[in-house]
2 protein chains.
Amino acid sequence: MIIDLEPISRRIDTKISKKKRIYDYLTKINIQIRSLCGGSGTCAKCRILVQKGNQYLTPPSQNEIKLLNKQELEQGWRLACQTFINEQLIDNLESSSQPQIIIFLPDELLLEDFNILTSGINKGVEFNPVIKKLYLEIEKPTLEKPIPDLERIKSSVLKVNKEITFNFELLKIIPKILRESDHKITLTFWNDHKVIAFEPGNTVKDNFGIAFDIGTTTIVGYLINLNDGKVYSTASMLNPQTAYGEDVITRITYIKDNEDGLKKLNSIVIEALNEIILKNCARAKIQSNQIYEATIVGNSVMHHISLGLNPTNIGLSPYIPIVQHGLNVKSKEINLNISQQGNVYILPIIAGFVGADTMGVILSSHIDEEKELTLIIDIGTNGEIILGNKKILATGSCAAGSALEGAHINDGMRAAAGAIDSIKIDPKDLSVSYTTIKDKKAIGICGSGLIDAVSEMLKSKILTRSGSFNKEFINHERIIKRDKNTEFIIARKDEDDLIKDIKITQKDIREIQMAKGAFYSGTKVILKYLNINPEIKQIFLAGAFGNYINKENAKFIGMIPDIPSEKIFQIGNAAGIGAQNCLLNNELRNKAEKLLKNIKYIEIATKKEFQKEFAEAMYFPHLNLDYFASLKEYTDIPKR
Amino acid sequence: MIIDLEPISRRIDTKISKKKRIYDYLTKINIQIRSLCGGSGTCAKCRILVQKGNQYLTPPSQNEIKLLNKQELEQGWRLACQTFINEQLIDNLESSSQPQIIIFLPDELLLEDFNILTSGINKGVEFNPVIKKLYLEIEKPTLEKPIPDLERIKSSVLKVNKEITFNFELLKIIPKILRESDHKITLTFWNDHKVIAFEPGNTVKDNFGIAFDIGTTTIVGYLINLNDGKVYSTASMLNPQTAYGEDVITRITYIKDNEDGLKKLNSIVIEALNEIILKNCARAKIQSNQIYEATIVGNSVMHHISLGLNPTNIGLSPYIPIVQHGLNVKSKEINLNISQQGNVYILPIIAGFVGADTMGVILSSHIDEEKELTLIIDIGTNGEIILGNKKILATGSCAAGSALEGAHINDGMRAAAGAIDSIKIDPKDLSVSYTTIKDKKAIGICGSGLIDAVSEMLKSKILTRSGSFNKEFINHERIIKRDKNTEFIIARKDEDDLIKDIKITQKDIREIQMAKGAFYSGTKVILKYLNINPEIKQIFLAGAFGNYINKENAKFIGMIPDIPSEKIFQIGNAAGIGAQNCLLNNELRNKAEKLLKNIKYIEIATKKEFQKEFAEAMYFPHLNLDYFASLKEYTDIPKR
């Protein structure tokens, strides 16, 4: 049988023996889960989401029922240490070539808050890193063979069949190291031919790379051992550029308006990267000069600023970046504190508002290998849409997303402890039940909570399909009318002992309408311009936020097309995994350049159809209910 | 007919019309001689040396007889403006494919003291410089075609059929320059594919390169226009490293003994190069950022120090350099003040004591194309020997040369104004007649004077073949005996109104013996190790000093093998011309690497035969007179 692990590893063919726990299975494919309880099912650190094939697994244990709430169990959340393949069914599974079980490994398994190391060997890419080390004992020179240092080294390498070049700066250290180490040295190769480090003795085991995902709001760095492909440490931090503007446009404005603006924003982001490097190195107990390559994904503006390139023209019509292709620059050219001669690879960007992060998503999602037409929406501070399969690939950007990260929302917040992440409303009395992240006292609402709130408010008919408060309920005690901004109270200060009431306002609803309308109408515009028979068969939700979303509710508010929920998959921080994969497999860089030639970029907002499509998609779920035929509940919900 | 101009241009096929002056002929092949007299034969700035085919030229004019001394006229020196092809003979010349006239253009024609511009077009290399410029009008971006800056530029270039890469740093300046210049820009290509400069408007005409010859004692820089190949300016200066040691070994010692020794010697030589750049730029009225490439030749130690590479191991057995192959480094990597992203190419070195200068000599001399076995001796502060033809190529270094530059010689000096450069001794009364450079009062003796002095002292039997003063003359008034160091007075203080007597001492004779013995025995050792039938048919004398040498006398003292004088040619600063040629023709770099594989390097001094050969070659002209059978005068000169 095939088990397909998302997103850490896609398409792994392996046989599973009977009675194997998923937990052990993960260990077998090199995902070491350092759970606190040692696999006894009490710490709940090994949460996984079964996306397909629940019927082949043992039912939830007592511990799972205790540690996971009802909603989680319904969605398919399990503890890996408590979940076994069902013995009775396993023999029937062997034959099919399609994965019968798809398991999503959430980002927490990778993130620093969780004491878990994960492996990259099986990330759906062949392990063929761009950095390789080679230990050599070099022949010593004699009067009979007075061969220069570099040429002796080269001929030693030639014995193992490689033509090489040396970075010039290395020549300065060669003679001393060579003689002090008794001619026993280790070479570090970039892309098999370029020597970028020259170290005394045998240092083959010290070989690391770091993959960065530079988001508008958050920066994550994954430290990866390039000998075994394992993630040794992960560290993240707030992008310090947020002090100069919360979105890319305000940062571009800052750069335009301040002579040293670019220099300042560049240096603080590089400082942040260097801090993440140090954090990871301290945790993994390595030196930063043992990191020989960094890969970077980020949107076009983050890409430009990180490289010290002026992003001004990205902010002005026709939104032109300086460069599109993937770039290799020396670490010291951008002041990144890895190995002196280390390489930094930045993935190609697709357009002014579809950046290297989207290329990362494309690479890690393997959308270009899908048979069926697949939609990916990547929900971050900006929103990107990817539509494609093995025949066609198109992308576009929409002015959406940041509302779903809690920005411009009255009580909005990012998905952190205390954020309301799921909501239920009882249609009878409009009473609200909710859960918060880490079960802390509620302090705000995160993206998944917002989608739940709107969806539940629709189902309870508090909202009309046009997004206005339903006048029928205008006098309900949970609905408060202030000037033009009516509010619905989700959590009461007094009842739940909170700092303040937490509510959804009419303005919040408009923000969410615009965000979800932008995704849906953007998708439609791209489909139209692809000029193919538009039938989306599969949806991937990317981005940290995508992980926690209630798929049914996302569909219910009309954010994504109406397809069966079992064809909607969370794929986590696919951009960051794209950056990791580029460390693990050298060939992906060529693949990215090839894809670049074939990706159609659609400038959605400037298309004449867009305004009409957008206006129609502002309705819940859409002006035209035929598009959401499966959502029977809408028959009762008033249009205005 | 073929006229062959050494060293500016070798192998030029061209027809010469009747009655053409050599002067006009030079102008025709783009060597502009800005003589002070306008070609009237009175300033004597256009001195040339006819090495072959004197019989086809008109005899010396009255002006030539007045301005050139007898010895010069005998050697074949002429004034180019006074020398015509002989009308009667020209028709007979047309048929042969061998050059019937070979003319040597001395270094003065290139040097700053002489107000002469020379051309490089015909330097025996096809004009195909590594730097090329291209003016482009780039398509502007639109919302329909929102193509990034770099990709629009690339596709413009693709129309002229070039795949290109951009230096990363250029990306930073592209957007501003592109828009400020209304998308009209000029690209500078290195090696046809790498863009190293990005300039607004059309700057195609501003395209320069500079070729450096970094000698132990002197540094020369030739500024060349890379659109037409002409030398626009030449500047030279004393190598400021001489303050830290007059030869390479003392400089290596300085570096070994001082922690910042390498840094200091590196920075002063780079400062000197930058000063030469500024001098040339001022003269040619250009900016230093219009120079896009520098080429460098120099011995292995100068090579290393200029690049900031530690030369210590070159000074220790087995004399190992760090690198042998030719290197391309960015100008800013070595702080050379040419274009920001300019390239510096350093020719490959052959061994610890046979450097990039020797590779320059090999490239410019075309020794690898000669049918006959040819010997090149390059006489500078170090001495190098090259032996080869189209089938074989070998080099070696000998501890010789600096005596011939005046070092370690009591009254020795470099070839500058006031140096005695030719000497005649009357065997009857041992009276001396001499000439000095620029006819100034004598202040010392330069290399050619030393060779003349020894040669004449032998012919007058003042010296024996073993190099001792002949006891017969010990009481002559010009011979003074002090302890063990007998002296022969060349010029008397009183007679010639000098600051002091100028003399040759016994110790001086020993120095010269060692130098000439080293060249001769070195050549023999190489011949032996080549294991070929040793018959040298042709000799090229390279190096500034080689230009002024009296070939007969060089042979007479046994410095070079006994072959007919018409087969001995001065080729001037062949190393510097090699560096120039590498600017003019890109292909020479590949050729240098190919040659490198085939050049046999012979470590002369460590060969067991060397001591015996050296001891024998210390005799004048040699212990075995059979080797110099043509020198009949030796029958009378006592052996000891």
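Visitor: In which sense do strand β23 of chain B and β24(B) pair, and over how many bridges?

Guide: Let us start with the general idea. Strands of a sheet pair through backbone hydrogen bonds, either parallel or antiparallel. Here a pair of strands needs at least two bridges found by DSSP. Helices (H or I, at least four residues) and strands (E, at least two) are DSSP runs, numbered from the N terminus. In this predicted model, strand β23 (residues 487–491) of chain B pairs with β24(B) in the antiparallel sense, over four bridges. Within that pairing, B:Ile489 stands opposite B:Lys503 of β24(B).

Visitor: What is the strand order of the open sheet in chain B, and which are the edge strands?

Guide: The order is β22-β23-β24, three strands with antiparallel pairing. At the edges are β22 (479–480) and β24 (502–505) of chain B, each pairing on one side only.

Visitor: And what is the bridge partner of A:Ile489?

Guide: A:Lys503, in β24(A). Chain A has an open sheet of three strands in the order β22-β23-β24, with antiparallel pairing.

Visitor: How is the numbering done, and what does "predicted" ask of me?

Guide: Residues are numbered from 1 along each chain as its sequence is written, while chains are lettered from A and ligands numbered from 1 in the order in which they are written. As this is a predicted model, local features need pLDDT of at least 70 and side-chain atom pairs count only at pLDDT 80 or more, whereas totals for chains, interfaces and linings use all residues.

Visitor: What pLDDT does chain A average, and where does pLDDT stay under 50?

Guide: pLDDT is the predictor's confidence in each residue, from 0 to 100. Chain A averages 86, and 88% of its residues score at least 70. Its pLDDT stays under 50 over residues 1–18 and over residues 28–32. Where pLDDT is low, the predicted coordinates should not be read in detail. The model scores ipTM 0.80 and pTM 0.81.

Visitor: Which residues of helix α5 of chain B are buried?

Guide: In α5 (residues 149–159), they are B:Asp149, B:Leu150, B:Arg152, B:Ile153 and B:Lys154. These buried residues pack against β7 (165–166), α6 (168–171) and α7 (174–180) of chain B.

Conventions. Contact = placed C-beta atoms within 7 Å. Buried ≥ 20, exposed ≤ 12 C-beta atoms within 10 Å, placed from the backbone.
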